[in-house]
Amino acid sequence: MSSLIIASCVILCCSFSSSFRLEKLGALKWDKVVHGNQTWRLITCIWLHAGVIHLLANMLSLIFIGIRLEQQFGFSTLSVPFCSGSVLSSLFIQRSISVGASGALFGLLGAMLSELLTNWTIYTNKAAALITLTVIIVINLAVRILPHVDNFVHIGGFLTVFLLGFVLLLRPQFGWVGRKHLPASARVTSKHKAYQYLFLVIAMVLLVVGFTGGLVMLFRGENGHDHCSWCHYLSCVPTSKWHCGN
């Protein structure tokens, strides 16, 4: 059985719909993290879900999106997405709780995109794959601009693992992999392209700066909206059918 399916079963055991119960069990809540020294909530919130529909949607997405990446890169590499997205959510969502593994699932989409870009030269039909994946990502982010949906955890998870993909998901070039079948006098292709190393360095810098800056802002008690007046539209767009409130 796939380890991703096992992870889904573990999530199933931790799904509750009561807000009070979710908070008691470790849901992400800004004041508890910042003023209550409960940093562990940044991780425990991903194992909790706000009802059966929320749970099933995440489990199905985890299975269909994650299995391909797990087969190629292993479960240990894909465990990283499950720790992403919570920091950005805490900076922008401070008056309600947040639960769910959606940030990790969007992280897997980010990983698929960066894996395609950093291993660009070894793929066929790369342009079609890039367009298809981009459309899927845009649609998934767009449909979540609804009230009571924490889109910041989705964006945070996507960006974090998108950058991590350039670091963790590098593949060697085909010429380097097949070098053992070449004569000793043949010129061996380098293991990685120069652009792959460039992506890796840029991604590492952005990850360190972004994650460190986010944690500093979080534990200083800052509100992300004070630094970005339009960012609330990323999580909810008010219409005549609903209002976003706070």
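Helices (H or I, at least four residues) are DSSP runs, numbered from the N terminus, and so are strands (E, at least two). This is a predicted model: local features need pLDDT of at least 70, side-chain atom pairs count only at pLDDT 80 or more, and totals for chains, interfaces and linings use all residues. Residues are numbered from 1 along each chain as its sequence is written, and side-chain values use heavy atoms, without hydrogens and water.

**Stop 1: helix 10**

Select residues 151–168, which form helix 10. Show phenylalanine 158 and phenylalanine 162. They sit 4 residues apart, so about one helical turn separates them. Their rings make a stacked pair, 5.9 Å centre to centre with 10° between the planes. (Rings of Phe, Tyr and Trp, the last by its six-membered ring, pair if their centres lie within 6.5 Å; planes under 30 degrees apart are stacked, over 60 edge-to-face, the rest tilted.)

Phenylalanine 158 is buried, at 12% relative accessible area. (Buried means under 20%, exposed over 50%, partly exposed in between, with a 1.4 Å probe and protein chains only.) Phenylalanine 162 is buried too, at 18%.

With phenylalanine 162 it forms an edge-to-face pair: 5.1 Å centre to centre, 80° between the planes.

**Stop 2: the cluster**

Together with Phe158, Phe162 and Phe166 they form one aromatic cluster. The whole structure holds 5 aromatic pairs.

**Stop 3: helix 9**

Move to residues 126–142, helix 9, and pick isoleucine 139. Is it buried or partly exposed? Isoleucine 139 is partly exposed, at 48% relative accessibility.
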